[in-house]
Amino acid sequence: MIQMAVMGLGTVGTGVARIVAENSAQIQRKLGDTLRLKTVLVRHFREGPWRNLMTDDFTQLETDPEIQVAVECIGGVDAAYEYTKRCLMAGKHVVTANKQLVAERGCELLKLAEEKGVHYLFEASVGGGIPILHPLTECMAANRIDEVYGILNGTTNYILTRMVRTGAFFTDALREAQARGYAEADPTADVKGIDAGRKICILADLAFGRQVNPAAVPMEGITRLSLRDVKIANRAGYRIKLLGRAVRLPGDDRTAYVAPHLIAETLPIASVEDVFNAVVVRGNATGEVMFYGRGAGELPTASACVADVMECLTARPKGLLWAEDASGFRDPLELETRWYFRIEGSLTDAAAAFGQVEVFSEDGETAFLTDAVTGLDAMARAAGLNVLASMRVLS
Ligand code: HSE
């Protein structure tokens, strides 16, 4: 029998405990042994099916030689970092969905895991139930990865979908996402693009093999997005989606950012709705490959965690997946894209700044698309305009 522990019994921790119990036959068949949840670390005891397994004493878990794998579902960096480190030091494998910890300290924890000959796995940290990190690093390993982008936050995609489809108010849609267990404990991380930002950092680390620090990545969420732009875009055959994007630049430099984009409705990613996420990886041999599925929620996220637990018990640790060196990170405004602007002004004003533009509406305000320009150029040209909204276009 193989024994494991769960640290933290929130949405993901509960899902892990449920899958280990409910899918025990499938897990046993694949592992060739029984997987048993022995200990659940909690801050406060509560009633429920795992009451008898609960402890609030981390050292009990840390010093238990029978526990081979710990699933960290605490979230944040403080206790999660300390307990992860101590579990690895104690020779236990650690699995997590904690994107903040992986984005900020993943390299250091992978190094420690390598020294101790154990796994530190985090498939669930990006895309919830979508297998993306393993395919990116294994199935696409023969490629040079040139770009990764995607809808990386289920909560904001759910909110945007509800607002567009049913005209729901932002706060009501957010409350629904929280009730469904999609949102972070502090949902500002979702709506301000920080959660998607952590995920694009992890994708960039793995895709380009070098650290991308979250603090260097510009992250814009959906809080400033106006329904007016959503409607203008819809009428013109575009959808507005919050995208995280990481791009390889010449000389092995790279950039990454999170921001709302206009996406032509003919592109597959434009039809990704509700809590669903999609990640597109562009390899130099494969071209674009898209991964799609539920990006948040108890069981999808826990499914990825339990699969990682099973990998810990059946495969050899992979060692360091990217280098600590964070140099070569460039301003994403150096990238060229088309831009959407809504200005208080006329088409003549728009044309004076940008030359030929594609006009969406003119009604006291003018909404238009520019040709492809760098973000820096777009900002400089728009400096003399009264800009009400601006966004990149994915084309
Ligand atoms: N709050 C996150 C989301 C959970 O909505 O996508 C999954 O990482």
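Reader: How far is a nitrogen atom of the ligand from an N or O atom in the side chain of D190?

Author: The distance is 2.7 Å, from a nitrogen atom of the ligand to a side-chain N or O atom of D190. This is a predicted model, in which local features need pLDDT of at least 70 and side-chain atom pairs pLDDT 80 or more, while totals for chains, interfaces and linings use all residues. Residues are numbered from 1 along each chain as its sequence is written, and side-chain values use heavy atoms, without hydrogens or water.

The side chain of T155 places an N or O atom 2.6 Å from a ligand oxygen, and a polar side-chain atom of N153 is 3.5 Å from an oxygen atom of the ligand. On its own the ligand has 260 Å² of accessible area (Shrake-Rupley, 1.4 Å probe), and the protein covers 94% of that area.

The shell around the ligand (residues with a heavy atom within 4 Å) comprises K99, N153, G154, T155, Y182, A183, E184, D190, D195, K199, G295 and A296. Sorted by class (Gly is counted as polar), this shell has 5 charged, 4 polar and 3 nonpolar residues.

The ligand takes up the space of the largest pocket, a placement that requires more than half of its atoms to be within 2 Å of the grid points. Helix 7 (154–166) and helix 10 (194–208) each give two or more residues to the shell. A pocket is an open set of points on a 1 Å grid with protein on both sides within 12 Å along at least five of seven lines; a cavity is a set from which a 1.4 Å probe cannot get out, and lining residues have an atom within 4 Å of a point.

The largest pocket holds about 1200 Å³ of space, a volume being what probe spheres on the points fill. Its lining counts 50 residues, with C73, I74, G75, G76 and A185 closest to the centre. In this lining, 18 residues are nonpolar, 19 polar and 13 charged. Among the helices (DSSP H or I, at least four residues; strands are E, at least two) that supply at least two residues to it are helix 1 (11–22), helix 5 (99–116), helix 9 (188–191) and helix 12 (298–314). Helix 4 (78–89) has the largest share, 4 residues.

The second largest pocket has a volume of about 390 Å³. Of its 22 lining residues, E220, R224, W339, S390 and M391 lie nearest the centre. Strand 9 (253–264) and strand 16 (387–394) each give two or more residues, and strand 16 gives the most, with 6. Here 15 lining residues are nonpolar, 2 polar and 5 charged.

There are also 2 cavities of 30 Å³ or more. The largest cavity has a volume of about 180 Å³. It is lined by 17 residues, of which Y120, L121, F122, K318 and L321 are closest to its centre. Helix 5, strand 6 (120–121) and helix 6 (133–139) each contribute two or more residues. The lining of the largest cavity divides into 10 nonpolar, 4 polar and 3 charged residues.

The second largest cavity, of about 80 Å³, is lined by L160, T161, V164, V230, N234, R239, I240, K241 and E273. At least two of its lining residues come from each of helix 7, helix 11 (227–235) and strand 8 (238–249). By class, 4 residues of this lining are nonpolar, 2 polar and 3 charged.

Methods: Polar contact = N/O pair within 3.5 Å; in protein donor to acceptor, adjacent residues only side chain to side chain.
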